[in-house]
Amino acid sequence: MTLYTDYQRSFSGFHNLMRYRVREILLVSSLYDAFVLEEDRGLSEVIFNQYIDLNLRFVPRITRVSSAEEALQEMQTRTFDVVLTMARLSDMDPEEFGRRVKEMDPEKPVILLTTEVLSPDLLTRFRRARSIDKIFYWLGDSKILLAIIKYVEDYGNVASDVAGGVQVILLVEDNPKFYSMFLPMMYTEVMTQTQTLISESINDYQRLLRMRARPKILLAETYEEAMEIFEAYRQNVLGIISDIAFPRQGQMDGEAGYRLLGVTKTEVPDLPVLLQSDHLTDRDSVLSQNAHFLDKNSPNLMQDLRDFIMMNLGFGDFVFRRPDGTEIARAHNLQEFERLLREVPLESVEYHAHRNHISIWLRARTEFDLADELRPKKVSDFSDMEAMREYLADAVGDLLDRNRAGNITDLSSYTEGADNAFIRIGSGSLGGKARGIAFVNALLSRSGIPERYEGISIRTPMTFVVCTDAYEEFLTLNELQRFAIESQEDAEIGSAFAAAALPEDIELHLRKIVERVDMPLAVRSSSVLEDSQNLPFAGLYATYMLPNNHPDTEVRLRQLADAVKLVYASVFYQAPKEYVRNTYYRIEEEKMAVIVQELAGEQHGDIFYPVVSGVGQSHNFYPTEPIKPSDGLAHVALGLGKTIVDGENIYRFSPRFPKRPPPYSSTGEFLKMSQSHFYALDLSDSEVAVEPDEGFSLRRLDLQQAEEDGTLFYVASTFSRHDGRIRNTLAVDGPRVVTFANILKNRIVPLPEILGDIMELGKASFGTDVEIEFALNVRGTREDSTAQFYFLQIRPMVVGRETVEVSTAGVDADHILVASNQAMGNGLFEGIYDLVYVDPDRFDVGRSVEVAREVGQINRKLAAEGRRCILIGFGRWGTSDRWLGIPVDWGQISAAQVIVESDLGDFRVDPSQGSHFFHNLISLRLGYFHIRGGRSEEYIFWDWIRQLPVEEETHFVRHVRLDKPLSAKIDGRSSRGVVLKPDGEA
């Protein structure tokens, strides 16, 4: 108990750090300036990609307004932490705007961000007015916003955080161009290095807490500001980076840097100081005063600055040296440091002890308690140097023991029983999907949700992540990238990747996994672009399920290695390539991490599956009364989640109204739309060869199998032919209907409440609507049931882009070609001359694969010509079940700008909000229409379409090219959308 208490106490101080956070930003900019900021890889995207590293719980929210007056009005009704204004405002000078803000709130930070270099006179004017707190230049690096946020937070937190041991890096620079270059790099480097150097035995939650203890970076523009900072925090100053010429006593002083160096070195002789200058003649003078020199004209300016930070501020290796400076050995981490401390000559220990090098190195690793303990120690405090060496080594050893207690963070330390372990393998990025899992793992542990539900285990599956550097090494080692980008054949790419060799260290890690884990595994993609807010890449990359049950470790290793390589290969398949062509990325920018995860489910004979798989969305695109969009929606199915993400028949409910049945018009329609089969992992062939087809290890089974397994009891009812009703029991004869009645109505498991709590938590944490994937195992009846809820992943949803008001009201009905009350997207889609449609007189759902092929033929020609089209078809586009629509992939519809799904007679299929295809369609900001049959206000004007001259025709598909363009209007607020005939047509 004492160890646990001490261990918890060792992190309690981190909770008190960085209490001031920038959560709300008011951005005042023209539409063009906002476009520049957002479209350069998206500032919001940058924030999200570094979400885990920089902000544990809240991502700053940006509210943009177009004018100063609008900003001032907004400030009267809402609280903002920072006001960020661009230099070009339509209605007010930035200086006057800053003055008005300060009148409302004198302490409110006002930051000016400009895309143009300001004249010296204008800079002086802004500084003297003091209505602008700081001026930054936009130099094309989208991380400048992160630097501004951290700059403001550091000044808000430094006074309290230094009391907890946090260090300070002082940057002295009066030129906005240079500090706008330096700060983004410095913040990125400091935070990245801090994370890298934190003890590997700390779990993700504690690692994030320690990230708060990174050094603060404080900016001074004058000698007086620099001295004020130094005098206030001299005991915590980690280093100084300073210009030589900057203002002192209101005048430019060419010797100010030397004056600062003299004072600081006198008071703290070992303090690392870097002086910068445009003049190389300053170099010898700086070096002679035991400081470092940086040439501002150097072509390697930023790299030279990085090198100084790494080598002198404790972020690099600890280099053991002799008194003459000769290097003896290097410690990359605390474990090596403890070992080498016991082995190096005593003269080296004494050399570093006299100069406080050890405490500086520990402080850079946020080991403040130990650093504070060691810093006051003097050589004279010990009987001899050997006693001091023993004291230092034992102190570091005790620290390592405390950090290891109760944590599993690397593969070598994995032990059975750590069910929700999240284990990182290799270096590089975790990728989007794994980052989400890591975040969820940290969030759940302190949310209180798992403790809220007695008898139910709520957790993430055990997860291993092979980080992105392994992917890049694999491509380089096997010279695959150029070939894979240029190849147009998925099978050719898959074969080449499967035949290639993984890096030796990665194969060694995979071997350790199969030696320790013998449960079924899911091998999933986690690319750096995947599951992002703007471009989720949902379902485009491969996922493989492995039985992992062969008695020979070598067989299981081969299967796992092949699966990893095929996940790598899927980056270069045609569907992702076509998807990327619709974005501002290139496929060569993509980097892939791979998740190896415990497969959620239970074994039933020679198959393995969960009772429930599901997708939960905190926003419902198509609610029916009394359900609201904010009530959310859950898509659930018996068995593995392939049924859902492939767009097959499933069950949907709102967590707020779980007993409310789907809005089917009749019992017959309910039966038709009910799930009739499920997917399970096949355990019968332990030697199965991994194939590019993701279904190689899966079995498609009838509901009778689930009834024999005892799992259908939880999810199914029975259609009684006697009275034509659906009865919530399996005790009577009749067709089984998947209704989830025992869970949603009889409440064997409180699944709606769990989903509601988790989606609310996710929405609050991401600052936007979220989509989650989950699985559920259940045993027993209502009285004695036990359950395991697996939180599989989370990603932000693409919702709330209705930034431009578009009204369809008042449109002349004679000009409407297509009308829908279930449209998605927002805005105008203009200049579309091509219409591709499936002929309603020839469509045959039994031949939908042929339809998809013909659509793809026409799409290839349009894509080659750089043309966009409106695409009309029946059932669901992109479904994997050919009986529910047209099973195209992205490569077959990449030219579509607007996509229409329509019912046709008795062929009526619900739009699948939960499918990966639907998620990607919306994220690409394509227009989407769903036309329901039997509704007079929703229609396609087929008579007008049929009389158009045909450009190209196949058996099922027609391509029409018009002389005048079609257009589409979608009102994202009402979900009403219309496709309009060309001007002058009726």
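Modeller: Helix α25 (residues 504–516) and helix α26 (residues 553–570) pack with their axes 9 Å apart, at an angle of about 125°. Here, helices are DSSP runs of H or I with at least four residues, strands are runs of E with at least two, and both are numbered from the N terminus. Axes are lines fitted to C-alpha atoms, for helices over the stretch in contact, and angles run from 0 to 180 degrees between N-to-C directions. The angle makes α25 oblique to α26; angles under 35 degrees count as roughly parallel, over 145 as roughly antiparallel, 65 to 115 as roughly perpendicular and the rest as oblique. The crossing of α25 and α26 is right-handed, a term for a near helix turned clockwise from the far one by less than a right angle, anticlockwise being left-handed. On α25, the contact involves Glu507, Leu510, Arg511, Ile513, Val514 and Glu515. Their partners on α26 are Thr553, Glu554, Arg556, Leu557, Leu560, Ala561 and Val564. Contact means heavy atoms within 4.5 Å.

The model is predicted: local features need pLDDT of at least 70 and side-chain atom pairs count only at pLDDT 80 or more, while totals for chains, interfaces and linings use all residues. Residues are numbered from 1 along each chain as its sequence is written, and side-chain values use heavy atoms, with hydrogens and water left out.

Helix α26 also holds aspartate 562. Is this residue buried or exposed? Aspartate 562 is buried, its relative accessible area being 18%; buried means under 20%, exposed over 50% and partly exposed in between, with a 1.4 Å probe and protein chains only. Apart from neighbours within four places in sequence, aspartate 562 touches Ala498 and Val690.

A second pair of helices may be set beside the first. The axes of helix α11 (residues 223–233) and helix α12 (residues 256–267) come within 11 Å and cross at roughly 15°. These two helices, α11 and α12, are therefore roughly parallel to each other. The crossing of α11 past α12 is right-handed. Tyr223, Ala226, Met227, Phe230 and Glu231 are the residues of α11 that meet α12. On the α12 side stand Ala256, Arg259, Leu260, Val263, Thr264 and Glu267.
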